[in-house]
Amino acid sequence: MIVLKAVLASKDREYISAWLDFVQGSPFGATMRFTAFSQWESFQEYMHEHEGQELPDLVIAEPEFLNPWLESMGGEPGVPWLLLSEGHEDVEEDKRLMKYQPLPTLLDAVLNASRQPRRKKVHRPGQQTISIGVVSASGGSGKTAVALHMAKQLGLAGYAVLYLNLETLDSVLPFLEKGLKRSVQRMPDAETGLSRLLYDLKVSRKGSGKQGQTQTSSKGIDGYVLRHEGLKADVFWPLSNRKELLQMSCEDTTGLIQYLSIAGQYDVLILDGDSDWDGRSEGILEAADALVWLVEDDLSAMHRWGQWMLHAERTKPDLHQSVLDRACFVVNKYRDSVVNALPRPDLQLNAVLPYIPSWKQLSQEEVMLSSPIFQREIKRLCAMLVQDGEEDLKQTGRIHNGDGWVL
């Protein structure tokens, strides 16, 4: 289960006790954990100890606690916060939480704010294009649906996006076919774009005489891709010859991603591959700047997730650690709560995406790309990965023992 962790700081010990007693005896207790402080010194010590480590999802504090803490952090704490207010303070409305209101209303406000997921920082020195791999240890987890929605939402937000599907048996054509066929009128050889690019890159690599190094083709990317207006992104027509995909090595895949990145034509690459441990999947895991790792809330999916991590830890410890550093672990097809335990203590969930029952009876590809509920959560997921650091994401939810209470 996803547990939101928040820090509560108030001089009023009775207020803290009432808050924690209510949480403990309510449905909120299953999804939220609070650490509370009534003294500035204990609060300061706790926040200082957790700098650079796993931080709370939210700090809720009275001005006497919040203002000195913000000053000590230079005004940019890197942790979402709410001012526990009595209505006199000069603060932005979305940062204010009125202190005296019904506790269910208070907790609803905290919970709603905390549903904005935490951003994972992606460090790409000197690089303009970010590549995001949508991966999973289990088939049928919804990788393609998530990848297509991410491409569309980023495209609508004004980013230049390329969607790259490397599944052996692609599931994307039924959702893109109409748009692709309209594009083919402008480019008769569009169906061979990815095949030609893979061949050209292999020739280029051999010609350079340097293993693993890909030179940029003079043709540019436009000669290989199609614009899909419905998706708001460029795409490759899916390969019809499965042998070409089966023969793609990890080196071929990383070379392709490298070429698409250094060409500088796109802000974001969305990478969609198989859930097997093949050359293409490993190439995506190695080359992507960030990973959206999808998990379903069922026993077998959790088991496969844990087994993948265990195998990687034993056989490729560097890759295992790198995946943990870059991955945002997301429960897809989420239904109100997560009932299965996570397979390892070093794993945690970062976000959830809702289950959409109507997708089971899809008859038109536009329906899958037009779910308002799913789009909203995908926007939040994209914000974790590609938004600028200056923009605050509204998050909420965490707490600990100090002078102090732990719930």
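A salt bridge is a side-chain nitrogen of Lys or Arg within 4 Å of a carboxyl oxygen of Asp or Glu. This is a predicted model, in which local features need pLDDT of at least 70, side-chain atom pairs count only at pLDDT 80 or more, and totals for chains, interfaces and linings use all residues. Residues are numbered from 1 along each chain as its sequence is written, and side-chain values use heavy atoms, with hydrogens and water left out.

**Exercise 1.** Find how many salt bridges the whole structure holds, then examine the one between Lys-11 and Glu-64.

*Solution.*
- Start with the search of the whole structure: 13 salt bridges turn up.
- Next, take Lys-11 and Glu-64, whose closest N and O atoms are 3.4 Å apart.
- Now place them: Lys-11 sits in the loop between strand E1 (4-9) and helix H1 (13-24), and Glu-64 in helix H3 (residues 63-72), so the pair ties together parts 53 residues apart in sequence. Helices (H or I, at least four residues) and strands (E, at least two) are DSSP runs, numbered from the N terminus.

**Exercise 2.** Work out whether Glu-282 and Lys-316 are buried or exposed, or in between.

*Solution.*
- Recall the cut-offs: buried is under 20% relative accessible area, exposed over 50%, and partly exposed in between (1.4 Å probe, protein chains only).
- Glu-282 has 12%, so Glu-282 is buried.
- Lys-316 has 30%, so Lys-316 counts as partly exposed.
- These two residues form a salt bridge, with closest N and O atoms 2.0 Å apart.

**Exercise 3.** Decide how far helix H5 is enclosed by the rest of the structure.

*Solution.*
- Count the buried residues of H5: 13 of the 14.
- H5 is therefore largely enclosed by the rest of the structure.
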